[in-house]
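Please keep the sequence and the model in view while reading.

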Amino acid sequence: MADTVYQKKCNKIKIRRPSDVAFQVVLLVLMAIFSFSFIFMFIWMLLSSFRTSASFNESPIRIFDFSGQSAATLFDNYKAAFSFVWTTMKDRKLISVNLLGMFKNSMVLVVLNLFMGILFPPLVGYVVAKFDFKLKKVINFAVVMTMCIPTVGSLVPTVKLLNTLALRDTWLGIILLGSGGLGMGVLLYGGYFSAIPSDYIESATLDGANNLQIYLKVMLPQALPLLISLGIMSFIGSWNDYTTPFIYLRYNPTVATGVEYISARSQIDLNPPMLFSALFIMSAFTLIIYACFSKVIMSSMSVGGVKG
C-alpha cells in the first residue's frame, strides 16, 4: 500500500529534461530583452519630452541632459503640443482643430466603435451558436472571408460607396462602417455562447421568455467577461487607429492623426521633443486604461454550469 502511494506521488512529479530547462531559460532571456527594449524606449521618449530641442539635436542619447531647462520651462513642449492647431479648407471655409478637439473626436470615434461592437457581434454570434437555419453556414463563411480579405483590398470599394452615399467625412459613415457585425468578434462570441448549456434557454422558455428576453437577460450577462475584454481592446484599437480617421474623417482629425501632423511640424521646426510629448499624451491614456483592466483582459474566461 505504501509503495503504491509512493509510486503515485512519483508519477505526479514532472521530470524536466535538460533541453526543456535550457529552452525555458533562453525563452525567458529573450522575453526579458524584448520587454526591456519597450520599457527603455518609453522611458527615453518620456525623458526626451522634457528636453530642449537644441539639447536633443546635439545628443539624442543623453536622456538625462536637461541643460537649458528650468522649472518654469520644463513643460514647454507639452504646452506647445496642446497649443498646436491643425488647419485646412473645406468648401472655402477654414477649419481649425487643436489637440483638445482631436481628443474629443477620438472619444466620439471610440464610443461609436464600442457601441457597434457591443450591439452587433454578440447578437450575430448568439444567433449562429444557438439557432439552426439554412444560412448558418453562409454566415460562418462570410465571417471567415471578411477576416481573410486584407484592408487594402476593400479600401477602394468602401471609399466609393461612402462617396456615393455622401457619407464620407461624416460620423454616420463611421457608424455604417462599424455596423457590419462580422469578424473576429463573431467567432469569439459564437464559441462562448456555444459553450453555455442550452438548459438556460429551455428554462427561460418555460418561464415564458421570448428570444429577445433570453438573449438580453440570460445569455448576454453570462458573456460579460468577454464583452468587457473585447470592449477594452476595441477602445485601445480605436484610440490608436490612424487609417480610419485619415481616410474617412479627413476634416475631423483624431489624436492618432494629430500626432502625424505634429510629427510633420516638429520636423520643420527641428523640435522632436514636442513630438515626444504628444506621443506620451496619446500613449499614457491607453496605458492607464489597460493597467486598470489588465486582470479582466488576461483572466481566463469560464462559463457557468446549471444547478441541478
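In which helix is Pro121 found? Pro121 belongs to helix H6, which covers residues 121-130. The model described here is predicted. The points below treat its helices, its strand pair, its nonpolar residues and its salt bridges in turn.

- Pro121 is buried, with a relative accessible area of 12%.
- In sequence, Pro121 and Leu188 are 67 residues apart, whereas their C-alpha atoms are 9.0 Å apart in space.

**Helix H13**

- Helix H13 comprises 16 residues, 224-239.
- From the first C-alpha to the last, H13 reaches 22 Å, close to the 22 Å expected at 1.5 Å a residue.
- The buried residues of H13 are Leu226, Leu227, Ser229, Gly231, Ile232, Phe235, Ile236, Ser238 and Trp239.

- Strand S1 (residues 85-90) and strand S2 (residues 93-98) run antiparallel and are joined by six bridges.
- Trp86 has Val97 in S2 as its bridge partner, and Lys90 stands opposite Lys93 in S2.
- Two residues lie between the strands of this hairpin, and Asp91 takes a positive phi near 55 degrees there.

**Positive phi in two loops**

- Most residues other than glycine have a negative phi.
- Ala166, which is not a glycine, has a positive phi of about 55 degrees. Ala166 is found in the loop between H8 and H9 and counts as exposed, at 59% relative accessibility.
- Leu270 likewise is not a glycine and has a positive phi of about 55 degrees. Leu270 lies in the loop between H15 and H16 and is exposed, with a relative accessibility of 56%.

**Nonpolar residues inside and on the surface**

- The largest nonpolar core has 25 residues, and those with the most contacts inside it are Leu99, Met102 and Val255.
- Two or more residues of this core come from each of helix H4 (76-83), S2, helix H5 (99-119), H13, helix H15 (255-269) and helix H16 (272-298).
- H16 gives the most to this core, with six residues.
- In soluble globular proteins, nonpolar side chains tend to be buried together.
- On the surface, Val21, Val25, Val26, Val29, Leu30 and Ile33 form a nonpolar patch, with about 510 Å² of accessible area together.
- Val25 has its place in helix H2 (residues 18-48). Its relative accessibility is 47%, so Val25 counts as partly exposed.

**Salt bridges**

- How many salt bridges does the structure hold? The structure holds four salt bridges, and three of them are described here, beginning with the pair of Arg250 and Asp169.
- The closest N and O atoms of Arg250 and Asp169 are 2.6 Å apart. Arg250 lies in the loop between helix H14 (243-248) and H15, and Asp169 in the loop between helix H8 (151-164) and helix H9 (171-178), so this pair ties together parts that are 81 residues apart in sequence.
- Arg265 and Asp269 form another salt bridge, with an N to O distance of 2.7 Å. Both residues lie in helix H15, four residues apart, about one turn of the helix.
- Arg265 is partly exposed, with a relative accessible area of 39%, and Asp269 is also partly exposed, at 41%.
- The side chains of Asp132 and Lys136 meet in a salt bridge of 3.3 Å, N to O. Asp132 is exposed, with a relative accessible area of 74%.

How values were computed: Residues are numbered from 1 along each chain as its sequence is written. This is a predicted model: local features need pLDDT of at least 70, side-chain atom pairs count only at pLDDT 80 or more; totals for chains, interfaces and linings use all residues. Side-chain values use heavy atoms; hydrogens and water are left out. The expected span of a helix is 1.5 Å times one less than its number of residues. Buried means under 20% relative accessible area, exposed over 50%, partly exposed in between (1.4 Å probe, protein chains only). Two strands pair if DSSP finds at least two bridges between them. Patches are made of residues with over 30% relative accessible area and no salt bridge: like charges are joined within 9 Å, nonpolar side chains (Val, Leu, Ile, Met, Phe, Trp, Tyr) within 5 Å. Accessible areas come from the Shrake-Rupley method with a 1.4 Å probe; for residues, only the protein chains shown count as cover. A nonpolar core is a set of buried Ala, Val, Leu, Ile, Met, Phe, Trp, Tyr and Cys residues joined through side-chain atoms within 4.5 Å.
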